[in-house]
Amino acid sequence: MEHLSEQEIFRRNSREQLQQMGINPYPAALYPTDAFSVDIKAEFDDNLEPKRQVCVAGRIMSRRIMGKASFMELQDSKGRIQIYVSRDDISTEEQPEMYNTVFKKLLDIGDFIGIKGFVFRTQMGEISIHAQELTVLSKALKPLPIVKYKDGVAYDAFEDPEQRYRQRYVDLVVNEGIKDIFLKRTKVYQSMREYFNWKNYVEVETPILQPIPGGAAARPFITHHNALDIDLYMRIANELYLKRLIVGGFEGVYEFSKNFRNEGMDRTHNPEFTCMEIYVAYKDYNWMMKFTENMLEKICIDVNGSTEIEIGGQKISFKTPFKRISMLDAIKEHTSYDLIGKSEDEIREICKALHIEVDNTMGKGKLIDEIFGECCESNYIQPTFITDYPIEMSPLCKRHRSNPELTERFELMVNGKELANAYSELNDPIDQLERFQEQLKLSEKGDDEAMFIDMDFIRALEYGMPPTSGMGIGMDRLVMLMTGQSAIQEVLFFPQMKHEANMISTDKSNLK
């Protein structure tokens, strides 16, 4: 017990005393709640007689212990409500010590209880519940970091980001507004699904463990399948599988996929992230731009009641239509360099002139991408479609119909970051194989993010894929925008972090 705090020891002793009194601190029985704090307050009627009877449950968040009567604040999944507790009401012949011993001495802030009683308004005007029955539902053995204020200063605040991300369960309980972020995240998904389902597109699932990490330029995680005795890759994208379904006869498919990229972490990147990808037959990237901007306008209204959001002091409007500019025009506008017709060596020299670090593993496409990322990206705060990428940057994208050096591709930039990526999909199997082979050459030069050759995908294209447009959107970044958050960790329940000391078991005997 040496490692336990005084408060933790006290709570464990209270747990034992409850058991000795015949009260189970962790009962398994159903507790029949029929109301929530927020709804009780919204629906309260001073003139209602008899008073409304309710059954609620939640955590004790504060208490004011007095003589024969006390007050406490109960927090349920929607909010908080005051509870009035009287000795004469909750102490019975069967449990005479329910008030003086259980409530006053053995219950603590953070404990879950159930309350049955009637709703009334106190002399101070606060809508409350007069408890007529109290049930212990779960004894908390660790104290919550309840914030206390003195002279305008907050004490015991749970604000350290590392603590908050590691112990999200505490963050959600004690910090106002955190749960709202994740409720809005759910609304984003619901709104997007409604839009796709209204169009009669089909939600599908594709493999997370893949023999070839295709569909994106990224470094994969590698794992081993014991039964098959083969190495597999954690999914970096689901693109190639969804296109196989278009080959198979689906006209429109989409998936919310967990993707894994073994790369850097920062305020906008997490190695495990959620991406939505959608593919629709007989469409092109021009159609997809209109589809995407209409979808985002709908989501913004559904989640925030407006087409505008505010993040980092910037107001961003998702009112359609969005601005459009080609990638090379954007580079020319922000650097004065015209890259049209430039060779790889010439572009490398331009990078050096712009003081952009490059190395010999970078091909023409990656050099152009570096220029755009360093010199242009941050300028696009309002939603802007960056279009017509050079062919070297887009190995899965159809050549531009009026310029074979470019592709029919767009990225949507918002708040200086990429939010969505879309193509008129390449459906020529010969051209696709040649593009994969070019990626192989980049890999041989040392580019560890170059794409693998997926011969089964080539075989699928050889059976014929109709003209198709596809779009991928980073759901975590979209939620960041819709909730006004500047760090991806704020919109992930449990972001990846280094192990805590003594919190991870090293015993692997059960993996045999």
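Start with the open sheet: 8 strands in the order β8-β12-β13-β20-β19-β18-β17-β16, with mixed pairing. Select β8 (202-203) and β16 (323-326), the edge strands; each has a single partner strand, so one side of each lacks a neighbour in the sheet. The model is predicted, and local features need pLDDT of at least 70, side-chain atom pairs count only at pLDDT 80 or more, while totals for chains, interfaces and linings use all residues. Residues are numbered from 1 along each chain as its sequence is written, and side-chain values use heavy atoms, with hydrogens and water left out.

Helices (H or I, at least four residues) and strands (E, at least two) are DSSP runs, numbered from the N terminus. Two strands count as paired if DSSP finds at least two bridges between them.

Next, select β16 together with β17 (residues 384-387). The two pair in the parallel sense over 4 bridges. Within this pair, K323 has T384 of β17 as its bridge partner.

Helix α9 lies across β13, β16, β17, β18 (409-414), β19 and β20, with contact meaning heavy atoms within 4.5 Å. The direction of α9 is at about 35° to β20; axes are lines fitted to C-alpha atoms, for helices over the stretch in contact, and angles run from 0 to 180 degrees between N-to-C directions.

Move to helix α8 (residues 239-247). The buried ones are E239, L240, Y241, L242, K243, R244 and I246. Their cover includes β9 (209-210), β12 (252-260), β13 (272-281), β19 (417-424), α14 (455-462) and β20 (468-474). Just past the end of α8, G249 takes a positive phi of about 115°.

Keep α8 and show α14 beside it. The pair packs at an angle of about 25°, with axes 9 Å apart. The two helices are therefore roughly parallel to each other; the cut-offs are under 35 degrees for roughly parallel, over 145 for roughly antiparallel, 65 to 115 for roughly perpendicular, and oblique for the rest. Their crossing is left-handed, meaning that the near helix is turned anticlockwise from the far one by less than a right angle, with clockwise giving right-handed. Show side chains for L240, K243, R244 and V247 of α8 and for D456, F457 and A460 of α14, which make the contact.

Then go to the barrel. Here 5 strands close in the order β1-β2-β3-β5-β4, with mixed pairing. Neighbouring strands of this sheet are turned by 55° against each other on average, direction ignored. Helix α4 (residues 98-106) packs on the sheet, touching β1, β2, β3 (80-86) and β5 (127-138), and its direction makes about 45° with that of β2.

Follow the barrel strand by strand. Strand β1 (residues 53-64) pairs with β2 (residues 69-75) in the antiparallel sense over 5 bridges; R59 has Q75 of β2 as its bridge partner. β2 continues to β3 as a hairpin with 4 residues between the strands, and 7 bridges join these antiparallel strands. Select L74 to find I81 of β3 opposite.

Finish on β3, where 5 of the 7 residues are buried. β3 and β5 pair in the parallel sense over 3 bridges, with Q82 opposite S128 of β5.

Conventions: Buried means under 20% relative accessible area, exposed over 50%, partly exposed in between (1.4 Å probe, protein chains only).
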